Amino acid sequence: MLGVESYKKQHKEAWKKDWKGFVVVGLFTGVNVALNNSSLVYISLSMNQVITATMPVLTCLFAVLLEDNYRPNQYQIYGIIPICIGVIIVVYEESNNETIGIFLCAGATLANALRTAMSSKVLTGKLDVLSMTWYTGPISALVLMPIALAKEWTPLMTYLSEKFVDGTGILLGGSCLALIYNIVLFMTIKTLTGVTMNVMGNVKIILLLFLSRVVLGELSDVDVQMVSGIVLTFGGFFLYSYGTFMKAKAPPPVSSVKSGA
């Protein structure tokens, strides 16, 4: 990115225009990773998914506050709510969850929603997803570095001293996966908006859970609770999709022009 001629000229202009957005996205990406991973020590995965299922609503609220041109129509608003409730119904399982884990996960969800909304705002311009990843990645690394050094440095060195090849492969492989994930994430946000991306993420959870039952021959485990959640989720998804379609068809607002007569 530093050496490619087509990118050299844009660095100064991009930072001057969107430096606040880069800092917010990078900062809250790191906060989300730290808090979400920490929450899994104290709460079950199902409770984690219950809390993160509220992402579309939170992202929509942040998008309305941050983006001048984002205003969801009534169909989109009415569609988001049943999607969130449906996912919560499907994934919820009773288990022992510590209060600190719930607060950690709630903080991670808020950070992720703000990161997504700000990413959508920055990417509405000419900035491409590779540049977005390049500018925000080091900031996230700086946020996570103190935690990693304090909590994981000694175990990492111990593991590398015993299994250097495996450890190096895990680090490089994990880094490559994180890079690919961020590029795909920003591309999805730029193409579909952050709210739509989170809506699709919730629907994906339902599809994976249902298809896993089909593939593993566990359809007998599908109860009334799961069916109700699936119906709510897909009903909300179709309503949201209809609202998105109607919004795309709507003519752009006509700006009023004062006549000089």
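Reader: Is Thr 116 buried or exposed in this structure?

Author: In this predicted model, Thr 116 has its place in helix α6. Leaving aside its neighbours within four places in sequence, Thr 116 is in contact with Met 55, Thr 59, Ile 189, Gly 194, Met 197 and Asn 198. Residues under 20% relative accessible area count as buried; with a relative accessible area of 1%, Thr 116 is therefore buried.

Reader: At what angle do helices α4 and α6 pack, and what is their orientation called?

Author: Helix α4 covers residues 55-66 and helix α6 covers residues 99-123, and the two pack with their axes 8 Å apart at an angle of about 45°. The crossing of α4 and α6 is right-handed. Angles under 35 degrees would count as roughly parallel and those from 65 to 115 as roughly perpendicular, so the orientation of α4 and α6 to each other is oblique.

Reader: Which residues of α4 and α6 meet, and how many of the residues in this contact are nonpolar, polar and charged?

Author: On the side of α4, the residues are Met 55, Leu 58, Thr 59, Phe 62, Ala 63 and Leu 66, and they meet Thr 109, Leu 110, Asn 112, Ala 113, Leu 114, Thr 116, Ala 117, Met 118 and Lys 121 in α6. Sorted by class, the contact of α4 with α6 has ten nonpolar, four polar and one charged residues.

Reader: How many disulfides does the structure hold, and why is there no bond at Cys 60?

Author: A disulfide requires a pair of cysteine sulfur atoms within 2.5 Å. The closest cysteine sulfur to that of Cys 60 is in Cys 84, at 9.8 Å, which is too far for a bond, and the sulfur of Cys 84 likewise has its closest cysteine sulfur in Cys 60, at 9.8 Å. Cys 60 is buried at a relative accessible area of 9%, and Cys 84 counts as buried at 5% relative accessibility. The number of disulfides in the structure is zero.

Reader: Where is Ala 53 found, and which residues is Ala 53 in contact with beyond its sequence neighbours?

Author: Ala 53 is found in the loop between α3 (45-52) and α4, and with a relative accessible area of 1% Ala 53 is buried. From C-alpha to C-alpha, Ala 53 and Ile 83 are 8.4 Å apart in space, although 30 residues apart in sequence. Leaving aside its neighbours within four places in sequence, Ala 53 is in contact with Cys 84, Val 87, Ile 88 and Asn 202.

Reader: Is Lys 249 buried or exposed?

Author: Lys 249 lies in helix α10, which covers residues 224-249. Lys 249 and Leu 66 are 183 residues apart in sequence, and their C-alpha atoms are 24 Å apart in space. The cut-off for an exposed residue is over 50% relative accessible area, so Lys 249, at 57% relative accessibility, counts as exposed.

Reader: How many helices and strands are there in the protein chain, and what percentage of its residues count as buried?

Author: The protein chain has ten helices and zero strands, and its C-alpha trace spans about 85 × 55 × 35 Å along the principal axes. Among its contacts with a separation of 6 or more, 85% are accounted for by residues 24 or more positions apart. Of the 261 residues of the protein chain, the share that counts as buried is 34%.

Methods
Residues are numbered from 1 along each chain as its sequence is written. This is a predicted model: local features need pLDDT of at least 70, side-chain atom pairs count only at pLDDT 80 or more; totals for chains, interfaces and linings use all residues. Side-chain values use heavy atoms; hydrogens and water are left out. Axes are lines fitted to C-alpha atoms, for helices over the stretch in contact, and angles run from 0 to 180 degrees between N-to-C directions. Helices (H or I, at least four residues) and strands (E, at least two) are DSSP runs, numbered from the N terminus. Angles under 35 degrees count as roughly parallel, over 145 as roughly antiparallel, 65 to 115 as roughly perpendicular and the rest as oblique. A crossing is left-handed if the near helix is turned anticlockwise from the far one by less than a right angle, and right-handed if clockwise. Contact means heavy atoms within 4.5 Å. Ala, Val, Leu, Ile, Met, Phe, Trp, Tyr, Cys and Pro count as nonpolar, Asp, Glu, Lys and Arg as charged, and the others, Gly among them, as polar. Buried means under 20% relative accessible area, exposed over 50%, partly exposed in between (1.4 Å probe, protein chains only).
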